Amino acid sequence: MKPISSEQDKKQDRKWEEELFREEPDVDFTLQVMQKLDHVSMEEPDVQVPWETKKSHKRTWIYRTGIAAAVAVLIAGGAWAAWDQTTEKPVQPPVNAVNIPPLPNIPVPKVLRYANLSDDYKRLQPLGLVVNPNIDIDDQGYKLKIEDVLVDGSQLILMLQQTAPDGTGMYLLGSKVEDIHITDEKGNNVAELARDTRQGNGALNKLVFQLDRDIPDEITVRGDFGHLDVGDGYGYDVNTETYTDKKVSVDWSFEFKLDMTQAKVMSKETPMNASYTTPEGLELAMTQLVQTPNGTRLDLEVNLNEELRAKAGEDWARDMDILYHIEVKDTGEYRIFNGGRPNARQAKFRYRDLSQVSSGGPLKISETWDPSLVTLNADNIRFVLDGYTIPVKEGQTMDVDLDKAKKDINFHTFASFNHIGDQIELYRFNYQHGMSSNGQTTGGSGNETSLVLEGSGLFQNEFYGDEWVATDSTGKEYPVGIMGTRNPANLNEQYVIDEVKLIVIGFNKDKGTKLTLKRTVVHRDFGDVDWKVKLASDSSMPWDQ
């Protein structure tokens, strides 16, 4: 194996990662191809879950005011990763880590198949790590069923089957996840909501909880639900094409206990004490590695030194991302995990704890890799940091004179912006009425008119986390929203942004023709890093016995 040794190598590798392939054939086809290819390994597609406890900030359509952001994502497909092994070839060709050893051929409950949990079930069920609590509630025709809880020493997965009286599916409890508690015998919480990055038809019914480091022998899962908010999108009548807005008083409360002794036996926890500080002052520390039959979880803590914290944007912990890859020398695997980038690969389960950040504490991050991507029992697994992204306060202005826009030429540039590798060219403008907070028109006439500046861009940085403000000739400030479609990076790791729109809220024709736009926060992409850590592993895991 020849590890990445230069910035150019990193750029080339990321380009291969994002551009070569977007979809994966079925597993059997993949394995046949892998027998014929020496130095390539295949990934499954990555997609965004359809709900989160907070709106996602890692998305393709962007709108950002000077204070708040709302983002929408279009992420497609997975990617191939290739590496150069010219100096050291393994005895056997590298192999894809798809289900090694092969998964058992056992039937999977339909609800789990729809939620993209078939492989998880096949790994955990033979080990006694799938439990049916037999929760089956019917109150006034509103039904709640919980079967086949998947649990290991790292995560607990609940499928909440919700049905209306007419038999149609409902998706109500995902937004009430705070009413589900996982506790020890003293009532202390022992798990927090995580995120499954895979998509499935049952994803809106799927809840993933990450268990704390010290797992008790028995836990209690309790849900307190006394009414349902039926309506506001949930009570849609297909025949009348109308919504019903009502609350239904039902008793959907449930409680069951889970014996965790087998899950604890079938896992391996390794404390870690590896740390690194980037040149800009971002501090990373690995605290624990958890290996279970259903994946490998790495726990990290992120801190900022005083200088970087002073420069960081207000929401740095929510928006920052680490970019890294995993090398498995024994099997020739090379897996890039590049966060919120277009066509990015993410860890299967992701968890973030921001509870201590406001008081100066660390951001806690957990990344869990599926066994089909990162072999569980290889002896030589290495984590390599490729970079990170974080919003920072760096101001740069752009002067705009609307009188310079030529109305008889569609693409005449009348204003330009160039800052730390990011470029915007404006070539058209118009005014729109009734702009809402997410950059869309309200549908009414509206009393407020906004200036919409249109153009294109080329960004070295992340784009979606930027914050802007505008000032007119009198010194009055206006919030600015930014929208655009971000395409995959080119060989220089720049993103082409189509249909850029800078929306100056409240700036109408009476405000004049000259104004200054200022980018106050930049979601910077930092690649000046050098951190490689060998992860603990063992050729014999507890579940192999």
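Leaving out neighbours within four places in sequence, Gln494 is in contact with Gly421, Gln423, Leu458, Phe459, Gln460, Pro488 and Ala489. The model described here is predicted. Gln494 sits in the loop that runs between β32 (477–489) and β33 (495–504). With a relative accessible area of 12%, Gln494 counts as buried, because the cut-off for buried is under 20%.

The C-alpha atoms of Ala344 and Pro488 are 9.5 Å apart, while 144 residues separate the two in sequence. Ala344 belongs to the loop between β24 (333–337) and β25 (349–353). Its relative accessible area is 2%, so Ala344 is buried.

| Residue | Loop between | Relative accessible area |
|---|---|---|
| Ala344 | β24 (333–337) and β25 (349–353) | 2% |
| Gln494 | β32 (477–489) and β33 (495–504) | 12% |

**A three-stranded sheet**

Elsewhere in the model, three strands form an open sheet in the order β10-β14-β19, and their pairing is antiparallel. β10 (180–183) and β19 are the edge strands; each has a single partner strand, so one side of each has no neighbour in the sheet. From one strand to the next, the twist averages 15°.

Strand β14 (residues 218–223) and β19 run antiparallel and are joined by six bridges. Across this pairing, Thr220 stands opposite Lys257 in β19, and Val221 stands opposite Phe256 in β19.

Which residues of strand β19 make up its covered face, and which its uncovered one? In β19 (residues 254–259), Phe254, Phe256 and Leu258 lie on the covered face, whereas Glu255, Lys257 and Asp259 lie on the uncovered face.

**Nonpolar cores**

Phe254 and Phe256 are also among the residues with the most contacts inside the largest nonpolar core, together with Leu156, Leu158, Phe209 and Trp252; this core has 58 residues. Strand β9 (residues 155–163) supplies its largest share, five residues. At least three residues of the core come from each of domain 1 (110–264) and domain 2 (267–388 + 529–534).

Leaving aside neighbours within four places in sequence, the contacts of Phe254 are Ile135, Ile137, Leu144, Ile146, Val221, Arg222, Gly223 and Phe225. Another core, of 40 residues, lies apart from the largest one and includes Met272, Ala347, Ala378 and Ile381.

How values were computed. Residues are numbered from 1 along each chain as its sequence is written. This is a predicted model: local features need pLDDT of at least 70, side-chain atom pairs count only at pLDDT 80 or more; totals for chains, interfaces and linings use all residues. Side-chain values use heavy atoms; hydrogens and water are left out. Helices (H or I, at least four residues) and strands (E, at least two) are DSSP runs, numbered from the N terminus. Buried means under 20% relative accessible area, exposed over 50%, partly exposed in between (1.4 Å probe, protein chains only). Two strands pair if DSSP finds at least two bridges between them. Contact means heavy atoms within 4.5 Å. Axes are lines fitted to C-alpha atoms, for helices over the stretch in contact, and angles run from 0 to 180 degrees between N-to-C directions. A nonpolar core is a set of buried Ala, Val, Leu, Ile, Met, Phe, Trp, Tyr and Cys residues joined through side-chain atoms within 4.5 Å. Domain bounds come from an automatic or database domain assignment.
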